[in-house]
Amino acid sequence: MVRVMIRTLLCCVVVALLMVPSGPLQANYALEAMPQSTTRHGKLPILEGPFASGMEVTRACVSCHTEVAANVRKSVHWTWESTYSPPGKVFGKKHVINAFCGAVTSNMRECTSCHIGYGWQDPEGGANPDEQVDCLVCHESTGDYKKYNFGYSELKFRDKIIKKPDFVALAKGVARPGRANCGSCHFYGGSGDGAKHGDLDSSLVKASRSLDIHMHKDGQNFSCVVCHNAPGHQITGSRYRVKAYDALGIDRPGHTDGTRTSCASCHGNAPHSKNDKLNDHVDRVACQTCHVPAMARGGVPTMVFWDWRMAGQKKGYSEIAPEVADLLKKEGHLPEKISFHHDRTHGTSLWGENLVPRYAWFNGRVDFLDPKQTLPDGVPIAINRIFGSAGDSSARIWPFKKMWSMLPFDSVNHTVVINHLVKSGPDDKEAFEDTGNWSQSAAVGMKEAGIPFGGQVAFRYATMVFPLTHMVAPKELSLKCRECHRHGGRLEGVAGVYIPGRNNHPSIHGLGRAAALLTLGGILIHLTLRLLLRRKRLS
Amino acid sequence: MTYHPELLFSRYERFWHWTQALLILALIVTGFHVTGFVEWLDYELAARWHRQFALYLVLLWTFTLFWLLITGEWHQYVPTSEKMMDVIHYYSKGIFDPFLTHPFKKSRRRKHNPLQRIAYLILSVILSPVLLVSGALFAFYKNWHWVGIPSIWLEDVAGVHVAVAYAMVCFVILHIYMVFTGKPTTAAIIAMITGVAEVEDMELDANREYQLLVVEDDAVIALMIQGWLDAGEFRDGDAILPVKFSVTHCDHLSSAIKALAQNTFDLIVLDLTLPDCDGIATLRHIRAAARDVPILVIHESMDDNLQSRVIHEGSQDFLVKTHLSRRILLRSFRFALERHWFLQGR
């Protein structure tokens, strides 16, 4: 009997030992040491050149990658036109305006330096439009590539090439897009590094751990396309097609939408494995609200206010006007921490780092102002508008950058002004950058945009909001509960949701405290009377 | 007036009281953190502790409810109007006079004065359950759809919880003050720590008229008892029974049972031989009809066996009719009342 028991015990011990996991799975197969691509482009004879232009490089690319140009020419990056918009509306860079420089219309020479093609004048009209696709801007890995007027990679003056990159070196170095490739446009939108988005700037190229837990250069070192995967060169995760809440959860091939541009695509919809209370937030709060704790966290400031009234003037602000300071305070920014920038062409802009975002319900729908629209008086121009409310099951509370600006405005027809800001060529004498003359440049811009112009330019406050989703902080830097669960916390103005710790039920708290104080007061009176009468009675 | 120390609060009651006190204080402090009025603690910590303490309190209450039911101590919380006005009068007026004592005499059997009974009943039947239910609803609001509660009620549930929590705060404030209104000031808190309180020695209440039920088919005996009770003091001044009696006489078991159903009596004198019942069965019927009333059996028999049997079945005494005297009867009445009082107090 004893022997049987001992044997059983020994068996149990052996089984238990076998069940102890022997450390993490060693299945990396030294991935980093192996080339991930089956082709090393540097070995391809066709890329030995010589190439006279970027288009000749593209010709070489499409000679093997036969379908890619057709795909690229369907993408938003090429068309600048978003078909995801609500029915009856077409958005996209070609059509919308922004609270920064205004519109691309009548400013194509410079704006198209961010187009992924060569020669915007007629992007689809060349002899072979496939060759007008700029492969290099996304795929070169040397960092020595730059695009100029109308998207050409050669710097020209009056059709004479002044500067030309080493196309052979660029072509041999092609790879999957890195952060710097996407960043060459997306980090610099809205006039400069970090200006536009608040969560995208050059600090992400060499991101630290505290700046972005995914892109951290000594960590996972994700490139943009790890999440913004691009089946058929259609980059997913467009700002014109936001999914405010990804109900599909973890992305499984064949079961979901094939995109990884939501946190849930990798982390699922119950991402906090050790804290159910945090998971309880998922039905109301977007991941970004806690995990993107501030804007412009990488040391590069983002623009918060652009004053076009100052454009054309030699000197900008010497200090922030009280009215603008109030506006900044209302946005939660401390005016003393805001820096200015001024130049004659662009006016004065205000910039800040580590700014607290604005929070609002968001179901993913963003509508943009139609530039032709007549605007009501007395309210700031809403360049874009986000949708969503507490009752909307697809909406979550999201963080936003809210940009303010003082935009030119047609005070006769009450529309925004499309300004002809940059010269279309060396012979153009009407652009604002040369003349500083609002009514002249506005007339040109409005004519090109096909909007009637009343002839007089005034200025009007305008706002534009951007959902924040990049620069994901490591968990120890994400928001602490108290940031929202307090009186006057970050979500103070967000309606339709009960948040413990906000100033809820003020009347109940008032009455309750009054009752407690009355009880205390009654006790004090009773006690005093007891002591007084006791003394009297005893004496 | 003389006092003696008596164990009023058992070990479990003290454990219950102090654990509950600590948990409620901790819930009040963490609760104010959750509502955002205090920020000494990290919010997450405060919220987690609030849930944790609430869980402990629910466990404590569950066990205590069980304890109250099993021990019959729930009787302590049944409201009564007896001495209610005296107690109210004391707290509003008499308390200011250091020479006046509290009109309520606490004992093991009745620990709480009528105001305390009402207060603790409201606390345990209204405040605590509402706090518990609203708190539990709040904690599990993610699962409301299981029972079809619309999630839009969350704010109202929280409002109820907060409102009742303030009532609890008021209770705690008042309760702490009342603890120190005793004489001496620390008497009540020492009683709740050690369990022992100075309890006034009890005497039969001479101001009250006691109700006596005489169940006897022999009218002569009944008249004799009545006569003895009316005769006033003894010659030698030994007031063995310093109380007044009002006598109800029944000559049948059936009429006695009817009388017991209609009135409350303090003492029953029972003849075992009645026209409609005889022997020990008579005692059993009367006992069944009046479980808590002391019974004295009178009988002709001197059978020792029957006498023991009668005491065994719950009678306080066995008086032989032929040996009956006024002194023996009144002495027996007195002892029965005192013994009953003592036994009830334990």
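Reader: Is A:D257 buried, exposed or partly exposed?

Author: The model is a predicted one, and the answer rests on computed accessibility. Buried means under 20% relative accessible area and exposed means over 50%, with partly exposed in between. Since the relative accessible area of A:D257 is 35%, the residue is partly exposed.

Reader: With which residue does A:D257 form a salt bridge?

Author: The closest N and O atoms of the pair are 2.3 Å apart, and a salt bridge requires a side-chain nitrogen of Lys or Arg within 4 Å of a carboxyl oxygen of Asp or Glu. Both residues lie in the loop between α9 (224-227) and α10 (264-267) of chain A, so the pair ties together parts that are 14 residues apart in sequence. The partner, which counts as partly exposed at 36% relative accessibility, is A:K243.

Reader: How many residues apart in sequence are the parts that A:D434 and A:K423 tie together?

Author: The side chains of A:D434 and A:K423 meet in a salt bridge, at 3.3 Å from N to O. A:D434 counts as partly exposed at 46% relative accessibility, and A:K423 counts as partly exposed at 21%. Because A:D434 lies in helix α14 (residues 432-435) of chain A and A:K423 in the loop between β11 (415-416) and α14 of chain A, the separation of the parts tied together is eleven residues.

Reader: Which strands stand at the edges of the open sheet of chain B?

Author: The open sheet has five strands in the order β4-β3-β5-β6-β7 (chain B), with parallel pairing. Each edge strand has a single partner strand, so one side of each is left without a neighbour in the sheet; the two are β4 (244-250) and β7 (317-320) of chain B.

Reader: Which residue in β7(B) stands opposite B:I298?

Author: Strand β6 (residues 295-299) of chain B pairs with β7(B) in the parallel sense, over four bridges. Helix α11 (residues 304-312) of chain B packs on the sheet and touches β6 and β7 of chain B. Within β7(B), the residue opposite B:I298 is B:L319.

Definitions and conventions: Residues numbered from 1 in each chain as written. Chains lettered and ligands numbered in written order. Predicted model: local features only at pLDDT ≥ 70, side-chain atom pairs only at ≥ 80, totals over all residues. Heavy atoms only, no water. Pairing = 2+ DSSP bridges. Contact = heavy atoms within 4.5 Å. Axes fitted to C-alpha atoms, helices over the stretch in contact; angles between N-to-C directions. Buried < 20%, exposed > 50% of the residue type's maximum accessible area, 1.4 Å probe, protein only.
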